[in-house]
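Let's take a friendly walk through this structure together, one neighbourhood at a time. Keep the sequence and the 3D view side by side as you read.

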Amino acid sequence: MGSSGGSKSIADSASWYCAMVLLGMMLLGSTRESTVAEETEAVRGNNLRERPCDEIYVVGEGETLHTISDKCGDPYIVERNPHIHDPDDVFPGLVIKITPTNTNNLLNK
């Protein structure tokens, strides 16, 4: 009975050790995952502040050409999008081309 008890004790110790290592790896992995997510969000946030609109823009619910123009810094949306025949007839899903003007350079000149 002495050798059976010794091997059971070693097996119990090994399983506890494995359980602790797995728990540590899970905690470390979740911490790293949240850090990466925070870093990614920070980078996205900075890019959005620098350039709020892509060149190809899809109109969202409740948006008008005026709100898009203000948001994206493009006062010439109608002129640059000949497929828009009526500026009041803008609907969600409409694809438009955006070319932001650099107002900072115009103000500094």
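Beyond its neighbours within four places in sequence, Asp74 is in contact with Ser69, Arg80, Lys97, Ile98, Thr99 and Pro100. The model is predicted, so keep that in mind while you look around. Asp74 itself sits in the loop that runs between helix 2 (65-72) and helix 3 (77-80). Is Asp74 buried or exposed? With a relative accessible area of 0%, Asp74 is buried, because anything under 20% counts as such.

The side chain of Asp74 has polar partners to look for. One of them is Arg80: a polar contact of 2.4 Å joins the two side chains.

Now move to the cysteines. The model has 1 disulfide, formed by Cys53 and Cys72 with their sulfur atoms 1.8 Å apart. This pair links distant parts of the chain, 19 residues apart: Cys53 belongs to the loop between helix 1 and strand 1 (56-58), while Cys72 belongs to helix 2. The link of Cys53 and Cys72 is left-handed, with -80 degrees about the S-S bond. Both Cys53 and Cys72 are buried.

For a last stop, turn to the surface. There, Trp16, Met20, Leu23 and Leu27 form a nonpolar patch, and together they have about 460 Å² of accessible area. Take Leu23, which lies in helix 1 (residues 2-50). Its relative accessible area is 41%, so Leu23 counts as partly exposed, between the 20% and 50% cut-offs.

Methods: Residues are numbered from 1 along each chain as its sequence is written. This is a predicted model: local features need pLDDT of at least 70, side-chain atom pairs count only at pLDDT 80 or more; totals for chains, interfaces and linings use all residues. Side-chain values use heavy atoms; hydrogens and water are left out. Patches are made of residues with over 30% relative accessible area and no salt bridge: like charges are joined within 9 Å, nonpolar side chains (Val, Leu, Ile, Met, Phe, Trp, Tyr) within 5 Å. Accessible areas come from the Shrake-Rupley method with a 1.4 Å probe; for residues, only the protein chains shown count as cover. A salt bridge is a side-chain nitrogen of Lys or Arg within 4 Å of a carboxyl oxygen of Asp or Glu. Helices (H or I, at least four residues) and strands (E, at least two) are DSSP runs, numbered from the N terminus. Buried means under 20% relative accessible area, exposed over 50%, partly exposed in between (1.4 Å probe, protein chains only). A polar contact is a pair of N or O atoms within 3.5 Å; within protein, one must be able to donate a hydrogen and the other to accept it, and residues adjacent in sequence count only if both atoms are side-chain atoms. Contact means heavy atoms within 4.5 Å. A disulfide is a pair of cysteine sulfur atoms within 2.5 Å.
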